[in-house]
Amino acid sequence: MGWNDEYKKKLCSAKDAVSRIKSGDRVVLGHAAGEPSLLADAMVENAARYQDVEIVHMVAMGKGRYCLPEYEKNFRHNSIFVGACTRKAIEEGRGDFTPIYFSEVPKLFRTTLHPNVLLAQLSPPDEHGYCSFGISNDYTKPAAECADIVIAQINRNMPRTFGDCFIHVSDLDYIVEADMPVIELAPPEITSVEKAIGENCASLIHDGDTLQLGIGAIPDAVLLFLKDKHDLGIHSEMISDGVVTLAEAGVINNKKKVLNNGKFVISFMMGTRKLYDFVDNNPSICMMPIDYVNDPVVIAQNVNIVSINSCVQVDLMGQVCSESIGLRQISAVGGQVDFVRGANMAKNGRTIIAMPSTAAGGKVSKIVSFLDAGATVTTSRCDVNYVVTEYGIAQLKGQTLRERARRLIEIAHPDFHDSLKAEFEKRFKRPF
Ligand code: COA
C-alpha cells in the first residue's frame, strides 16, 4: 500500500482518535505553540471515559483544561515546565512537577516516562509521505519514536521546517485533519529597564558570535541592540519574532558558525505568523530534537557562543534561582543549565543571566543575601558567569565569594544597597 492509501486509511475524527486513550495511560502533549489544540480539546471533551490519565506536558500554551478541578479524577498533569495555565493545579496539589533538564526529556521518555499516547501537530505530508514537526520538534519527535500510539493533527497552517524533524505517514497511527491557526505568542512589550538590560547584555556580544536566547522579554530586548553587529549565528533551543528582524537585515546569517555553518539550529519557537512564515520551507532553518540542540557536549562544539537567560533571584554567592519563588514552582530549569554548561565548555563561550534588579513593582530585590526558603538552585555558583541588570554587569566566574558579593551589590537596585552592604560586612568582616 502506498503512503497515500495508508494516510486515507488512518484518517479519522478527533473524537475517534482520542477514544484510543485508555484509563491509566500516559499521554504526552505536543509542546508549546506546537500543541495540537483540536486533539487536546477532544481529549478533554471525552474526559468522562477516562480515569487517571497522566498528561505529560512542558510549556503549555493552550487552554490546559485538563488541569481544571472538575477533571481531577480523569486527568493528572505531570508538568516538566510550569506555566500560566498549569501553575494553579500544581499549587493546589492536583498536578505534579518533575524536575529535568530539557536535554534529558527524550531519554526520560525512552526510560521511566514511557508515553502510551502522543498527541502531536504536524504539517501535511510532502510527496514522499513525510510530515514535519514544524515549529515544535524538541521532545515531540523523540516521543513519537517511542510512544505506543501516535495521533497526529495535520494542519496546513503548520510550517514545514527542515532538519531532523520529519515523521513518515507509516509511523502515524491515527490522523486527524484540522486546518486551524497555530498558537501564537505576541512579542512582549519592552520596558525601559529591559532596554537597559538588553544594552548591557549586547555589550558582551561581538561580531561572529552564536547566540542562545531564553524565554521572556529580555532576549527580545537584547536583540534590539544588535542591529549594528555582523555575522551573528543562532544555536538556541527556541527563538521568537525578534530573530526575524535581524535575520532579514542580514545581521544574523550564521556564516561564522563552526558547527552547522549557515544554519539556524533550533528546537522550537514561539511567536507570531511573521516568525512562522519566515521558517516555512526555509532551508536555513535546522529544527533538531532537544537532545541534540541542548546537549551540552554539542553546544560546546560551537565557538564564541553566548547564552542569555533570565532568573527569579541571585544570592550573594551567585546561586541562581530561575524557576521558583520559594517553594512555589513558577517555571522550570528548561534549557538554562544545558546552555550554561555547554557555553562554559565552549571556546570563548560566555553565559549571561540577565534580570531586572527588582520584582513586584520594585518592592523586592532580585539580588538577595539568601535565596527564599525552599527556592531551587537552578544554576549553581560554580556555573554562573555574567549576571546583568539595568545597573550593569557582574562577572562572577573565578571570583571569591567576597568579590562576587561586592560585584553583585554594585548592580543591585540602590534601594537595597544598605541592607545588602550590611550583610556583606557581617559575612566578610570587612567594610564594603
Ligand atoms: N520575587 C518575587 N516574585 C518574583 C521575583 C522575585 N525575586 N522574580 C520574579 N517574580 C515574579 C514576577 O513578578 C512575575 O509575577 P507575575 O506573573 O505575577 O507578574 C513572575 O515571577 C514571572 O517573572 P517575570 O519577570 O515576569 O518572568 P519572565 O517572563 O521574564 O521570565 C523566568 C523569567 C525566570 C521565569 C524565565 O526566564 C524562566 O522560566 N527561566 C527558566 C527557564 C530558562 O531559563 N530556560 C532557558 C531557555 S528557554
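The model is predicted.

Helix 7 spans residues 192-202, and helix 8 spans residues 217-224. The two helices pack with their axes 7 Å apart. The angle between them is about 60°. Helix 7 is therefore oblique to helix 8. The crossing of helix 7 past helix 8 is right-handed. From helix 7, the contact draws on Glu194, Lys195, Ile197, Gly198, Cys201 and Ala202. These residues meet Ala217, Ile218, Ala221, Val222 and Leu224 of helix 8. By class, the contact of helix 7 with helix 8 holds 8 nonpolar residues, 1 polar residue and 2 charged residues.

A second pair is formed by helix 14, residues 401-410, and helix 15, residues 417-428. Their axes come within 10 Å. They cross at roughly 170°. An angle over 145 degrees counts as roughly antiparallel, so helix 14 and helix 15 are roughly antiparallel to each other. Helix 14 contributes Leu401, Arg402, Ala405, Arg406, Ile409 and Glu410 to the contact. Helix 15 contributes His417, Leu420, Lys421, Phe424 and Phe428. The contact of helix 14 with helix 15 comprises 6 nonpolar, 1 polar and 4 charged residues.

The ligand is surrounded by 22 residues. The closest are Asn309, Val312, Ser331, Gln336 and Lys366. Gln336 instead uses its side chain, with a polar atom 2.9 Å from an oxygen atom of the ligand. Lys366 also places a polar side-chain atom by the ligand, 2.9 Å from a nitrogen atom.

Ala300 sits in a loop. That loop runs between helix 12 (296-299) and strand 14 (305-309). Ala300 and Ala343 are 43 residues apart along the chain. With residues up to four places away in sequence left out, Ala300 touches Gly342, Met345, Ala346 and Lys347.

Technical notes
Residues are numbered from 1 along each chain as its sequence is written. This is a predicted model: local features need pLDDT of at least 70, side-chain atom pairs count only at pLDDT 80 or more; totals for chains, interfaces and linings use all residues. Side-chain values use heavy atoms; hydrogens and water are left out. Axes are lines fitted to C-alpha atoms, for helices over the stretch in contact, and angles run from 0 to 180 degrees between N-to-C directions. Helices (H or I, at least four residues) and strands (E, at least two) are DSSP runs, numbered from the N terminus. Angles under 35 degrees count as roughly parallel, over 145 as roughly antiparallel, 65 to 115 as roughly perpendicular and the rest as oblique. A crossing is left-handed if the near helix is turned anticlockwise from the far one by less than a right angle, and right-handed if clockwise. Contact means heavy atoms within 4.5 Å. Ala, Val, Leu, Ile, Met, Phe, Trp, Tyr, Cys and Pro count as nonpolar, Asp, Glu, Lys and Arg as charged, and the others, Gly among them, as polar. A residue is near a molecule or strand if one of its heavy atoms lies within 4 Å of it. A polar contact is a pair of N or O atoms within 3.5 Å; within protein, one must be able to donate a hydrogen and the other to accept it, and residues adjacent in sequence count only if both atoms are side-chain atoms.
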